[in-house]
Amino acid sequence: MSTEAPQPSKDGAGEDGPFKGPSAIEDRLPSELLAIATPAIELQGIDKRFGTVHANRAVDLKIGRASIHGIVGENGAGKSTLMKILYGYYQADKGRILIDGRETRIARPSQAIKAGIGMVHQHFMLVDNFTVLENLMLGAEGAFWIRGSFNNARGVLSQVSWEYGLEVDPDAVVGDLPVGVQQRVEILKILFRGAEIIVLDEPTAVLTPQETQELFKILKRLRAEGKTVVLITHKLQEVMEVTDRVTVMRDGAVAGTLNTADTNKRELAELMVGRRVVLRVEKTRATPGRPCLEVDQLTVRDESGTARVEDITLAVHEGEILGIAGVSGNGQSELIEALAGLRRIDAGSIRLRGQVVALPNAELSPADMRNLGVTHVPEDRLKMGLISAFDASESAILGYQGDRAYNGPLLSDRGKIVNHCADLMQKFDVRPPEPQWRSGAFSGGNQQKLVLAREIERDPILLLVGQPTRGVDVGAIEFIHQRLIEMRDAGKAILLVSAELDEILGLADRVVVMFEGKIVGELTAEEASPKKIGLMMAGVVGNGS
Amino acid sequence: MKDEALPAWVEYFAIPGINLLMALIIAGLVVVFMGESPWVALGALLGGAFGSLEQFGYTLFYTTSFIFTGLAVAVAFHCGLFNIGGEGQAMMGGLGVTLVCLGYDGTSWPLLFPLAVMGAIAFGALWSFLPGYLQATRGSHTVITTIMFNFLAAILLNYLLVEVLIAPGQQSPQTIRFDEAGHLPFAHDLLRGFGLETGRSPLNITFLLALAVAGLVWLFLWRTRWGYEMRAVGQSEPAARYGGISPGPMIVMAMVISGALAGLMGVNEVMGSQHRLVLGFTAGFGFAGIAVALMGRNHPFGVVLAALLFGVLYQGGSELAFEIPTFTSDVVVVIQGLVILFCGALENIFRKPIVRIFEIRRLLREL
């Protein structure tokens, strides 16, 4: 959030009534009806270019007051650009913005805040070592002595959090709070500044399913209190669940605006991609072979000594996808990192094709694991999977940079590296197929395809995959799922960790559910249902494994 | 941001040019404020740097030292490290050169030269190895440790030059003059061999070594797997670890290379020009390397250009102080500071307006 002089007013945009200017209809209609008739936000013919990229093409959009409006689209469809124009980060080349029916010029975020617009960014704009109250005060400190305004703020905070069901301890340090609660602080901060319109950019990307449900409750509460909510997302499930209307964007233009009640996921997906898509990839029954990976009573502790993975025993067979379900943070990350050689193990053993490869104090390095034929698509591709400042061709050899194929006696063979990358890009349909581009310049889905291509094309015996479709658009999800099924059918063993229940249900042949570092249940694909897995994920029931 | 694409000539020449111009204008105002003519001052500065082959020789001589110290900072930076110990590493490099030259009992410089280069590399690297090792194993921040190593180097050199290596019968802290083999050929001597008569300057063949080293640094960073691994550690440690790269050894390697590069400055000064070890010969060039790397965007080619600019400012500046008596050397430092400010720290202030101009031009063309 910008710290530019926001107005600590509590009435925000509604100051002099939402409607101005003489109009025959306005005189005759009661104001409640008008409130519905005049959209809270109206965008007319918004057009924006960045160099050769046409990010928004004559976008028209009306968002009704006191409603939850979803904006969906693939990565790069222009939804973020549109919202950044609304929030004053960018200026539209053409077009008008009407707030409450009045044309409003928004050149800076501070003007957007004044107009009653608040934005919750995907990456929170909070000071980690400040308390909740201090964060709320940021940019609205008032006088030189801040004690008075602090006490004032405390009062307002308790009122606002009661009103909207946003309970937060005002004296908790933000860095110590769970992500879901931090997001609540962001929303509070916006309400605190008098926002009537709340824009949320991919708010559920960082949340667990439970936290997502909490968030949706809050959004519905906000709507009930008359606030307008704009939800940017690419998760169709969420759109169906919480929005009143939904606008689909494709290639910078509006592909359609629909009443959520009158549509379904398939229709939205097709509008987004512009062609028919398969939401669940067809697959045949698995024919598991020999066990490939066997984990025996594995325990992994973190730096503080807390067991993150406790006494886990599992096996992945050749020709099988084992799905690990669970709410994020229940030890799945630590498990997959231990298997990839990135973490110390404290007890138990790891066997590959019957051979013990790792014991406590005799772990293998990531390089060793690769040599043994274990490749790894890490959960966090931006932090681990690739290096955004590197060329795509350089990221495409991460982990294999020492390979003879890319190195002469002294210098590396640039030509071969670039060709290798071009080859991967062609096989996995990475767009644009430009090996010389910065890795960070690609969209999330294309980055993920590049990482997958690198790890799959190594022809591993075991593939470890973490969150393969997080932040990836629908078209790419279909492609990635197909590739994983193909690999399975080629007799490879795949260990899949995903927080998306749909993904686990769609891909896995067997499902193991983790809760607080332990396995609480194991199900076959036939037994698995969202309800059963959901209860296990919450730690409510197990099946006695 | 790179997403607002500008033509390459604007990106790499026009914007730095405008920044430089801006720095000169502000510096000009300072000159006016002091009651002197900015045109005369600018003339003296440029004349001092380029006026004759002799003066240009001095400019390139200083450039040589700036290239080494600038590259040192740039290499460490690519591994995510901030080496501000260039000054101490350069001192130690000079000590290495001196010990080799004093110990050599021959007459031919071409034989001694590679040995002296190795001495400079070894001593410079030694002085950065420990900070690197401490960073890798204990997490002791290189900014702190390299600063302390600067003091250690200064004190060590002081002790050696006062108590041990001082020339017999001398009062000033410096060693005896090296034998002939310890004198690198000057550019003016070499050029005379081709029948070109130029003024005397300390420019020597170390300049060519500096250019070659800049090329090697580029090759190392972008065309070897070790450079790749080092840059990976600098960009993202988790990604490097994922890629099977241990950050510790890379950090040590980056610091060792960085120190070796800074140490090479000793070859230029000690064996190339003064032919003896003199206390304080580094004259702040090690610190200036930080600014050189900053201006050169940590790219070897950029570092060479930035070093040239610093060479011009250094040489032109000293002539300026000589020609206009009201200008003390402090004023020259102010002018240098303004250039660093505009070209390094404030490089983006003119970027936005220029981007806007190009956007408007594009829109007009479309209409």
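The model is a predicted one, in which local features need pLDDT of at least 70 and side-chain atom pairs count only at pLDDT 80 or more, while totals for chains, interfaces and linings use all residues. Residues are numbered from 1 along each chain as its sequence is written, chains are lettered from A and ligands numbered from 1 in the order in which they are written, and side-chain values use heavy atoms, with hydrogens and water left out.

A:Arg154 forms a salt bridge (a side-chain nitrogen of Lys or Arg within 4 Å of a carboxyl oxygen of Asp or Glu) with A:Asp171, their closest N and O atoms being 3.2 Å apart. A:Asp171 is likewise partly exposed, with a relative accessible area of 43%. In the salt bridge of A:Glu455 with A:Arg454 the closest N and O atoms are 2.8 Å apart; here A:Glu455 is buried at 0%, and A:Arg454 is buried at 3%. Salt bridges that share partners also join A:Lys283, A:Arg488, A:Asp489 and A:Asp509 into one network, and over all chains the count comes to 36 salt bridges.

In chain B, the crossing of α13(B) and α14(B) is right-handed, meaning that the near helix is turned clockwise from the far one by less than a right angle. The residues of their contact (heavy atoms within 4.5 Å) include B:Phe285 of α13(B) and B:Tyr314 of α14(B).

Notes
Helix = DSSP H or I, 4+ residues; strand = E, 2+ residues; numbered from the N terminus. Buried < 20%, exposed > 50% of the residue type's maximum accessible area, 1.4 Å probe, protein only.
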